[in-house]
Amino acid sequence: MSYKNYPMVSRVVFGRGSFSQLEDIIAPKRLSVSAPFIFLVDDVFEKKATLSGRIPLAYDDRVIFISADEEPKTSQVDALVEEIILTCKQRPSGIIGIGGGTVMDMAKAVAIMITNEGESKDYQGWDLVKNPAIYHVGIPTISGTGAEVSRTTILTGPVRKLGINSDYTPFDQVILDPELTKGVPKDQWFYTGMDCYVHCIESLTGTYLNAFSESYGEKALELCIEIFLEDTLDEKESADKLMMASWHGGMSIAYSQVGVAHAMSYGLGYLLGVKHGVGNCIVFEHLEEYYPEGVAMYKKMRAKHNINIPQGICANLSDEQFDIMIDVALSLEPLWENAIGKNWQKVITRQKLRDLYSKM
Ligand code: NAD
Ligand code: ZN
(Lines give C-alpha, C1' and ligand atoms only; values in the text may rest on other atoms or scores of the structure.)
(Ligands and ions follow the chains in the order given, each with its own letter.)
Protein backbone atom coordinates (compact mmCIF):
# COMPACT_ATOMS: atom_id res chain seq x y z
CA MET A 1 0.00 0.00 0.00
CA SER A 2 1.35 3.38 -0.92
CA TYR A 3 -0.10 6.41 0.84
CA LYS A 4 -0.83 9.65 -0.93
CA ASN A 5 1.60 12.47 -0.20
CA TYR A 6 -0.96 15.21 -0.42
CA PRO A 7 0.00 18.80 -1.30
CA MET A 8 -1.92 21.50 0.53
CA VAL A 9 -2.49 25.21 0.06
CA SER A 10 0.65 26.68 1.60
CA ARG A 11 -0.81 29.97 2.82
CA VAL A 12 -4.28 31.03 3.83
CA VAL A 13 -5.84 34.18 5.26
CA PHE A 14 -9.27 34.12 6.87
CA GLY A 15 -11.42 37.05 7.93
CA ARG A 16 -14.03 39.62 6.98
CA GLY A 17 -12.34 42.37 5.01
CA SER A 18 -9.14 40.35 4.53
CA PHE A 19 -9.40 40.93 0.78
CA SER A 20 -7.87 44.36 1.49
CA GLN A 21 -4.56 42.65 2.28
CA LEU A 22 -4.24 41.27 -1.24
CA GLU A 23 -1.90 44.03 -2.38
CA ASP A 24 0.57 43.39 0.46
CA ILE A 25 0.34 39.64 0.01
CA ILE A 26 1.18 39.58 -3.69
CA ALA A 27 3.69 42.45 -3.80
CA PRO A 28 6.70 40.26 -2.87
CA LYS A 29 5.71 37.81 -5.60
CA ARG A 30 6.06 40.35 -8.42
CA LEU A 31 8.90 39.15 -10.64
CA SER A 32 9.45 42.46 -12.48
CA VAL A 33 7.55 45.51 -13.63
CA SER A 34 6.83 43.83 -16.96
CA ALA A 35 5.65 40.56 -15.41
CA PRO A 36 2.03 41.38 -14.60
CA PHE A 37 -0.48 39.84 -12.26
CA ILE A 38 -3.51 38.63 -14.19
CA PHE A 39 -6.77 38.83 -12.25
CA LEU A 40 -9.42 36.43 -13.50
CA VAL A 41 -12.64 37.78 -12.01
CA ASP A 42 -16.22 36.47 -12.17
CA ASP A 43 -18.07 38.89 -14.43
CA VAL A 44 -20.85 39.22 -11.86
CA PHE A 45 -18.46 41.72 -10.23
CA GLU A 46 -18.27 43.83 -13.37
CA LYS A 47 -21.73 45.03 -12.44
CA LYS A 48 -21.35 44.95 -8.65
CA ALA A 49 -19.74 47.56 -6.44
CA THR A 50 -18.28 45.06 -3.92
CA LEU A 51 -14.94 44.77 -5.69
CA SER A 52 -14.71 47.78 -7.95
CA GLY A 53 -11.65 49.87 -7.20
CA ARG A 54 -10.42 47.25 -4.72
CA ILE A 55 -8.38 45.11 -7.09
CA PRO A 56 -4.79 46.25 -6.56
CA LEU A 57 -3.57 46.90 -10.12
CA ALA A 58 -0.04 48.16 -10.85
CA TYR A 59 2.25 48.36 -13.90
CA ASP A 60 0.93 46.00 -16.63
CA ASP A 61 -1.49 44.11 -14.37
CA ARG A 62 -4.85 43.39 -15.86
CA VAL A 63 -8.32 42.17 -15.07
CA ILE A 64 -10.01 39.62 -17.31
CA PHE A 65 -13.69 39.09 -16.54
CA ILE A 66 -14.88 35.51 -16.83
CA SER A 67 -18.47 34.40 -17.27
CA ALA A 68 -19.56 31.62 -14.91
CA ASP A 69 -22.64 30.85 -17.02
CA GLU A 70 -20.91 27.72 -18.24
CA GLU A 71 -18.37 25.53 -16.49
CA PRO A 72 -14.76 25.87 -17.70
CA LYS A 73 -13.77 24.20 -20.93
CA THR A 74 -10.31 23.13 -22.03
CA SER A 75 -10.69 25.24 -25.20
CA GLN A 76 -11.43 28.30 -23.09
CA VAL A 77 -8.35 27.70 -20.92
CA ASP A 78 -6.16 27.30 -24.01
CA ALA A 79 -7.50 30.47 -25.62
CA LEU A 80 -6.92 32.46 -22.45
CA VAL A 81 -3.37 31.15 -22.04
CA GLU A 82 -2.57 32.03 -25.65
CA GLU A 83 -3.94 35.53 -25.21
CA ILE A 84 -1.91 36.03 -22.03
CA ILE A 85 1.32 34.72 -23.58
CA LEU A 86 0.89 36.81 -26.73
CA THR A 87 0.04 40.06 -24.99
CA CYS A 88 2.35 40.08 -21.96
CA LYS A 89 5.92 41.36 -22.28
CA GLN A 90 7.06 38.69 -19.85
CA ARG A 91 5.63 35.58 -18.28
CA PRO A 92 3.11 36.81 -15.67
CA SER A 93 4.06 37.01 -12.00
CA GLY A 94 0.86 35.24 -11.05
CA ILE A 95 -2.77 34.42 -11.68
CA ILE A 96 -5.37 35.57 -9.14
CA GLY A 97 -8.79 33.90 -9.44
CA ILE A 98 -11.69 35.76 -7.80
CA GLY A 99 -15.05 34.01 -8.04
CA GLY A 100 -16.76 30.67 -7.51
CA GLY A 101 -15.58 27.20 -8.41
CA THR A 102 -15.76 28.09 -12.10
CA VAL A 103 -13.30 30.97 -11.89
CA MET A 104 -11.06 29.28 -9.33
CA ASP A 105 -10.75 26.27 -11.63
CA MET A 106 -9.96 28.55 -14.58
CA ALA A 107 -7.25 30.27 -12.53
CA LYS A 108 -5.63 26.98 -11.54
CA ALA A 109 -5.74 25.63 -15.09
CA VAL A 110 -4.34 28.82 -16.64
CA ALA A 111 -1.51 28.93 -14.09
CA ILE A 112 -0.60 25.35 -15.02
CA MET A 113 -0.87 25.81 -18.79
CA ILE A 114 1.40 28.87 -18.83
CA THR A 115 4.36 26.62 -18.00
CA ASN A 116 3.28 23.38 -19.71
CA GLU A 117 3.37 22.71 -23.44
CA GLY A 118 0.43 21.68 -25.56
CA GLU A 119 -3.28 21.74 -24.82
CA SER A 120 -5.02 21.48 -21.48
CA LYS A 121 -7.01 18.42 -22.59
CA ASP A 122 -3.74 16.48 -22.60
CA TYR A 123 -3.42 17.02 -18.85
CA GLN A 124 -6.92 15.88 -17.82
CA GLY A 125 -6.28 12.93 -15.57
CA TRP A 126 -3.93 12.15 -12.72
CA ASP A 127 -0.37 13.47 -12.41
CA LEU A 128 0.24 14.34 -16.05
CA VAL A 129 1.52 17.87 -15.38
CA LYS A 130 5.30 18.09 -15.79
CA ASN A 131 6.27 21.61 -14.77
CA PRO A 132 5.25 23.62 -11.71
CA ALA A 133 2.52 26.18 -12.36
CA ILE A 134 3.14 29.89 -11.95
CA TYR A 135 2.15 31.49 -8.62
CA HIS A 136 -1.61 31.34 -8.23
CA VAL A 137 -4.04 32.71 -5.70
CA GLY A 138 -7.65 31.68 -5.08
CA ILE A 139 -10.25 34.03 -3.62
CA PRO A 140 -13.69 32.40 -3.34
CA THR A 141 -16.81 34.56 -3.59
CA ILE A 142 -19.32 31.75 -3.04
CA SER A 143 -18.86 28.80 -0.68
CA GLY A 144 -19.26 25.07 -1.06
CA THR A 145 -17.20 23.47 -3.81
CA GLY A 146 -13.94 23.15 -1.90
CA ALA A 147 -12.17 24.17 -5.14
CA GLU A 148 -10.14 26.58 -2.99
CA VAL A 149 -8.36 23.65 -1.28
CA SER A 150 -8.47 20.89 -3.83
CA ARG A 151 -5.76 19.26 -5.93
CA THR A 152 -7.87 19.39 -9.07
CA THR A 153 -9.34 21.76 -11.62
CA ILE A 154 -12.39 20.29 -13.31
CA LEU A 155 -12.57 20.95 -17.05
CA THR A 156 -14.88 19.86 -19.82
CA GLY A 157 -12.78 18.75 -22.76
CA PRO A 158 -13.61 17.35 -26.20
CA VAL A 159 -13.94 13.80 -24.88
CA ARG A 160 -14.42 14.02 -21.14
CA LYS A 161 -15.23 16.10 -18.13
CA LEU A 162 -12.29 15.43 -15.88
CA GLY A 163 -9.93 17.30 -13.62
CA ILE A 164 -6.29 18.16 -14.00
CA ASN A 165 -5.25 16.41 -10.79
CA SER A 166 -1.68 17.22 -9.90
CA ASP A 167 0.65 18.36 -7.15
CA TYR A 168 0.96 21.68 -8.99
CA THR A 169 -2.78 22.36 -9.06
CA PRO A 170 -3.44 23.62 -5.47
CA PHE A 171 -3.26 27.35 -4.89
CA ASP A 172 -0.11 28.87 -3.39
CA GLN A 173 -2.29 31.30 -1.49
CA VAL A 174 -5.97 31.47 -0.59
CA ILE A 175 -7.83 34.45 0.82
CA LEU A 176 -11.04 33.53 2.63
CA ASP A 177 -13.06 36.71 3.06
CA PRO A 178 -16.70 35.82 3.75
CA GLU A 179 -17.74 39.43 3.00
CA LEU A 180 -17.23 38.65 -0.69
CA THR A 181 -20.06 36.09 -0.63
CA LYS A 182 -22.67 38.72 0.18
CA GLY A 183 -25.27 38.97 -2.58
CA VAL A 184 -25.11 35.40 -3.86
CA PRO A 185 -28.64 34.55 -5.09
CA LYS A 186 -30.47 32.24 -2.67
CA ASP A 187 -30.93 29.28 -5.01
CA GLN A 188 -27.25 29.42 -5.98
CA TRP A 189 -26.23 29.69 -2.31
CA PHE A 190 -28.15 26.47 -1.69
CA TYR A 191 -26.87 24.58 -4.76
CA THR A 192 -23.22 25.38 -4.09
CA GLY A 193 -23.68 24.85 -0.34
CA MET A 194 -25.17 21.43 -1.06
CA ASP A 195 -22.05 20.55 -3.02
CA CYS A 196 -20.27 20.74 0.32
CA TYR A 197 -23.01 18.78 2.09
CA VAL A 198 -22.85 16.04 -0.56
CA HIS A 199 -19.04 15.92 -0.26
CA CYS A 200 -19.52 15.18 3.46
CA ILE A 201 -22.13 12.47 2.95
CA GLU A 202 -20.23 10.77 0.14
CA SER A 203 -16.98 10.87 2.05
CA LEU A 204 -18.38 9.81 5.44
CA THR A 205 -20.34 6.86 4.06
CA GLY A 206 -17.69 5.74 1.57
CA THR A 207 -15.52 2.66 1.73
CA TYR A 208 -12.40 4.84 1.40
CA LEU A 209 -13.11 6.57 4.70
CA ASN A 210 -10.22 6.98 7.13
CA ALA A 211 -9.61 9.04 10.25
CA PHE A 212 -8.08 11.92 8.25
CA SER A 213 -11.12 12.32 5.99
CA GLU A 214 -13.55 11.63 8.78
CA SER A 215 -12.18 14.38 10.99
CA TYR A 216 -12.72 16.99 8.26
CA GLY A 217 -15.99 15.48 7.00
CA GLU A 218 -17.59 15.38 10.43
CA LYS A 219 -16.75 19.02 11.09
CA ALA A 220 -18.05 20.12 7.70
CA LEU A 221 -21.27 18.16 8.21
CA GLU A 222 -21.78 19.68 11.66
CA LEU A 223 -21.39 23.15 10.13
CA CYS A 224 -23.81 22.33 7.27
CA ILE A 225 -26.45 21.20 9.76
CA GLU A 226 -26.03 24.44 11.73
CA ILE A 227 -26.23 26.54 8.56
CA PHE A 228 -29.00 24.80 6.66
CA LEU A 229 -31.21 23.30 9.38
CA GLU A 230 -30.89 25.24 12.63
CA ASP A 231 -32.00 28.82 13.21
CA THR A 232 -29.19 29.88 15.50
CA LEU A 233 -26.94 31.84 13.14
CA ASP A 234 -27.19 35.36 11.78
CA GLU A 235 -26.32 36.06 8.15
CA LYS A 236 -22.66 36.85 8.83
CA GLU A 237 -22.05 33.86 11.08
CA SER A 238 -23.71 31.65 8.53
CA ALA A 239 -21.50 32.97 5.70
CA ASP A 240 -18.35 32.63 7.82
CA LYS A 241 -19.21 29.07 8.74
CA LEU A 242 -20.16 28.03 5.21
CA MET A 243 -16.76 29.22 4.00
CA MET A 244 -15.08 26.97 6.56
CA ALA A 245 -17.48 24.09 5.83
CA SER A 246 -16.44 24.29 2.18
CA TRP A 247 -12.78 24.12 3.19
CA HIS A 248 -13.29 21.13 5.47
CA GLY A 249 -15.54 19.36 2.97
CA GLY A 250 -12.84 19.78 0.34
CA MET A 251 -10.19 18.43 2.70
CA SER A 252 -12.40 15.48 3.54
CA ILE A 253 -12.71 14.29 -0.05
CA ALA A 254 -9.06 15.06 -0.74
CA TYR A 255 -8.02 12.01 1.18
CA SER A 256 -11.01 9.85 0.22
CA GLN A 257 -13.38 10.25 -2.73
CA VAL A 258 -16.84 11.40 -3.71
CA GLY A 259 -19.57 8.95 -4.73
CA VAL A 260 -22.79 8.22 -6.61
CA ALA A 261 -24.16 11.78 -6.77
CA HIS A 262 -20.95 13.16 -8.25
CA ALA A 263 -20.56 10.33 -10.76
CA MET A 264 -24.09 10.86 -12.07
CA SER A 265 -23.90 14.64 -11.89
CA TYR A 266 -20.83 14.55 -14.15
CA GLY A 267 -23.00 12.73 -16.73
CA LEU A 268 -25.63 15.46 -16.58
CA GLY A 269 -22.95 18.11 -16.78
CA TYR A 270 -21.22 16.57 -19.77
CA LEU A 271 -24.33 15.96 -21.87
CA LEU A 272 -26.68 18.74 -20.82
CA GLY A 273 -24.32 21.36 -19.39
CA VAL A 274 -26.05 21.13 -16.00
CA LYS A 275 -23.83 22.90 -13.49
CA HIS A 276 -22.11 21.02 -10.69
CA GLY A 277 -24.05 22.27 -7.65
CA VAL A 278 -27.56 22.04 -9.05
CA GLY A 279 -26.63 18.79 -10.81
CA ASN A 280 -25.68 17.21 -7.48
CA CYS A 281 -29.04 18.32 -6.05
CA ILE A 282 -30.98 16.92 -9.03
CA VAL A 283 -29.26 13.57 -8.59
CA PHE A 284 -29.27 13.48 -4.79
CA GLU A 285 -33.08 13.73 -4.73
CA HIS A 286 -33.16 10.13 -6.03
CA LEU A 287 -30.39 8.44 -4.06
CA GLU A 288 -32.26 7.18 -0.95
CA GLU A 289 -31.10 3.67 -1.76
CA TYR A 290 -27.44 4.65 -1.35
CA TYR A 291 -27.61 7.46 1.21
CA PRO A 292 -30.89 7.02 3.14
CA GLU A 293 -30.10 9.38 6.05
CA GLY A 294 -28.18 11.86 3.94
CA VAL A 295 -31.01 12.19 1.43
CA ALA A 296 -33.66 12.54 4.15
CA MET A 297 -31.70 15.39 5.75
CA TYR A 298 -31.06 17.00 2.36
CA LYS A 299 -34.81 17.02 1.67
CA LYS A 300 -35.45 18.76 4.99
CA MET A 301 -32.90 21.43 4.08
CA ARG A 302 -34.36 21.92 0.61
CA ALA A 303 -37.89 22.24 2.03
CA LYS A 304 -36.82 24.58 4.82
CA HIS A 305 -35.29 27.02 2.35
CA ASN A 306 -38.02 26.53 -0.23
CA ILE A 307 -35.59 25.80 -3.06
CA ASN A 308 -36.70 24.70 -6.51
CA ILE A 309 -34.85 21.78 -8.03
CA PRO A 310 -35.29 21.43 -11.82
CA GLN A 311 -37.28 18.35 -12.80
CA GLY A 312 -37.89 16.41 -15.97
CA ILE A 313 -34.55 17.35 -17.51
CA CYS A 314 -34.08 13.81 -18.87
CA ALA A 315 -37.69 13.44 -20.03
CA ASN A 316 -37.05 13.76 -23.75
CA LEU A 317 -33.63 12.23 -24.13
CA SER A 318 -32.83 9.59 -26.75
CA ASP A 319 -31.26 6.20 -26.02
CA GLU A 320 -27.96 7.53 -27.37
CA GLN A 321 -28.08 10.47 -24.99
CA PHE A 322 -28.76 8.24 -21.99
CA ASP A 323 -25.84 6.08 -23.10
CA ILE A 324 -23.51 9.07 -23.19
CA MET A 325 -24.41 10.02 -19.61
CA ILE A 326 -24.11 6.43 -18.44
CA ASP A 327 -20.68 6.09 -20.09
CA VAL A 328 -19.43 9.27 -18.40
CA ALA A 329 -20.76 8.17 -15.01
CA LEU A 330 -19.39 4.63 -15.24
CA SER A 331 -15.96 5.82 -16.32
CA LEU A 332 -15.46 7.36 -12.87
CA GLU A 333 -14.47 4.08 -11.28
CA PRO A 334 -12.90 5.33 -8.03
CA LEU A 335 -16.15 7.15 -7.19
CA TRP A 336 -18.16 3.94 -7.52
CA GLU A 337 -15.61 1.89 -5.68
CA ASN A 338 -15.72 4.39 -2.83
CA ALA A 339 -19.52 4.43 -2.77
CA ILE A 340 -20.30 0.75 -3.21
CA GLY A 341 -17.08 -1.21 -2.69
CA LYS A 342 -14.77 -3.32 -4.81
CA ASN A 343 -17.64 -5.29 -6.36
CA TRP A 344 -19.53 -2.21 -7.50
CA GLN A 345 -19.81 -3.46 -11.08
CA LYS A 346 -22.13 -6.23 -9.94
CA VAL A 347 -24.55 -3.72 -8.42
CA ILE A 348 -24.30 -0.72 -10.70
CA THR A 349 -25.62 -1.85 -14.06
CA ARG A 350 -26.36 0.33 -17.09
CA GLN A 351 -30.06 -0.36 -16.57
CA LYS A 352 -29.82 0.82 -12.96
CA LEU A 353 -28.33 4.13 -14.08
CA ARG A 354 -30.82 4.46 -16.92
CA ASP A 355 -33.68 4.01 -14.43
CA LEU A 356 -32.21 6.63 -12.11
CA TYR A 357 -31.53 9.16 -14.88
CA SER A 358 -35.07 8.62 -16.19
CA LYS A 359 -36.46 9.94 -12.90
CA MET A 360 -34.53 13.23 -13.16
P1 NAD B 1 -19.92 29.15 -10.01
O2 NAD B 1 -18.53 29.60 -9.91
O3 NAD B 1 -20.33 28.44 -11.23
O4 NAD B 1 -20.88 30.38 -9.78
C5 NAD B 1 -22.28 30.20 -9.69
C6 NAD B 1 -23.01 31.51 -9.89
O7 NAD B 1 -22.82 32.33 -8.75
C8 NAD B 1 -22.49 32.29 -11.09
O9 NAD B 1 -23.58 32.86 -11.75
C10 NAD B 1 -21.62 33.36 -10.45
O11 NAD B 1 -21.54 34.50 -11.26
C12 NAD B 1 -22.38 33.63 -9.17
N13 NAD B 1 -21.60 34.23 -8.09
C14 NAD B 1 -20.40 33.84 -7.58
N15 NAD B 1 -20.06 34.64 -6.55
C16 NAD B 1 -21.05 35.56 -6.42
C17 NAD B 1 -21.27 36.65 -5.52
N18 NAD B 1 -20.43 36.93 -4.53
N19 NAD B 1 -22.40 37.38 -5.69
C20 NAD B 1 -23.30 37.06 -6.66
N21 NAD B 1 -23.15 36.05 -7.52
C22 NAD B 1 -22.04 35.30 -7.39
O23 NAD B 1 -20.37 28.24 -8.76
P24 NAD B 1 -19.69 27.16 -7.88
O25 NAD B 1 -20.78 26.25 -7.49
O26 NAD B 1 -18.83 27.78 -6.84
O27 NAD B 1 -18.69 26.41 -8.86
C28 NAD B 1 -19.07 25.38 -9.73
C29 NAD B 1 -17.84 24.95 -10.48
O30 NAD B 1 -16.87 24.47 -9.55
C31 NAD B 1 -18.04 23.87 -11.49
O32 NAD B 1 -17.37 24.21 -12.67
C33 NAD B 1 -17.42 22.65 -10.86
O34 NAD B 1 -16.93 21.73 -11.80
C35 NAD B 1 -16.32 23.27 -10.05
N36 NAD B 1 -15.89 22.46 -8.92
C37 NAD B 1 -14.57 22.32 -8.73
C38 NAD B 1 -14.08 21.58 -7.69
C39 NAD B 1 -12.61 21.42 -7.51
O40 NAD B 1 -12.20 20.76 -6.58
N41 NAD B 1 -11.78 21.98 -8.35
C42 NAD B 1 -14.95 20.99 -6.78
C43 NAD B 1 -16.31 21.16 -6.98
C44 NAD B 1 -16.77 21.91 -8.04
ZN1 ZN C 1 -18.61 18.53 -5.72
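Biologist: Helices (H or I, at least four residues) and strands (E, at least two) are DSSP runs numbered from the N terminus, so in those terms, where is the place of D127?

Modeller: D127 sits in the loop that runs between β5 and β6, the latter being residues 136-140. This is a predicted model, in which local features need pLDDT of at least 70 and side-chain atom pairs count only at pLDDT 80 or more, while totals for chains, interfaces and linings use all residues. Residues are numbered from 1 along each chain as its sequence is written, and chains are lettered from A and ligands numbered from 1 in the order in which they are written.

Biologist: Is D127 buried or exposed?

Modeller: D127 is exposed, with 12 other C-beta atoms within 10 Å. The cut-offs are 20 or more other C-beta atoms within 10 Å for buried and 12 or fewer for exposed, with partly exposed in between, and the C-beta atoms are placed from the backbone.

Biologist: What phi does D127 have?

Modeller: D127 has a positive phi of about 60°, although it is not a glycine. Most residues other than glycine have a negative phi. N306 also has a positive phi, about 55°, without being a glycine; N306 lies in the loop between α9 and α10 (319-330) and counts as exposed, with 9 C-beta neighbours inside 10 Å.

Biologist: Back to β5, then: what is the order of its sheet?

Modeller: The sheet is open and has three strands in the order β5-β8-β7, with mixed pairing, where two strands pair if DSSP finds at least two bridges between them. β5 (125-126) and β7 (154-156) stand at the edges with a single partner strand each, so one side of each has no neighbour in the sheet. β5 pairs with β8 (residues 161-165) in the parallel sense over two bridges, and W126 stands opposite N165 of β8.

Biologist: Switching topic, which residues come nearest to ligand 1?

Modeller: G100, G101, T102, T145 and S150 come nearest, out of 31 residues around ligand 1; a residue is near if its C-beta atom, placed from the backbone, lies within 6 Å of the molecule.

Biologist: Which helices supply the shell?

Modeller: At least two residues of the shell come from each of α3 (101-113), α4 (186-204) and α8 (276-284), and α3 gives the largest share, four residues.

Biologist: And how many are nonpolar, polar or charged?

Modeller: The shell around ligand 1 has nine nonpolar, 17 polar and five charged residues, where Ala, Val, Leu, Ile, Met, Phe, Trp, Tyr, Cys and Pro count as nonpolar, Asp, Glu, Lys and Arg as charged, and the others, Gly among them, as polar.

Biologist: How about α8, what covers its buried residues?

Modeller: The cover includes α3, α4, α7 (260-272) and α9 (292-304). Nine of the nine residues of α8 are buried, so α8 is largely enclosed by the rest of the structure; among them are H276, C281 and F284.

Biologist: Last one: how is the chain divided?

Modeller: The chain has domain 1 (11-181) and domain 2 (186-358), with bounds from an automatic or database domain assignment, and the domain centres, taken over C-alpha atoms, are 25 Å apart. Contact here means C-beta atoms, placed from the backbone, within 7 Å, and 18 residues of domain 1 are in contact with 25 residues of domain 2. On the side of domain 1 that touches domain 2, the residues divide into four nonpolar, nine polar and five charged. Each domain also gives at least three residues to the shell around ligand 1.

Definitions and conventions:
Contact = placed C-beta atoms within 7 Å.
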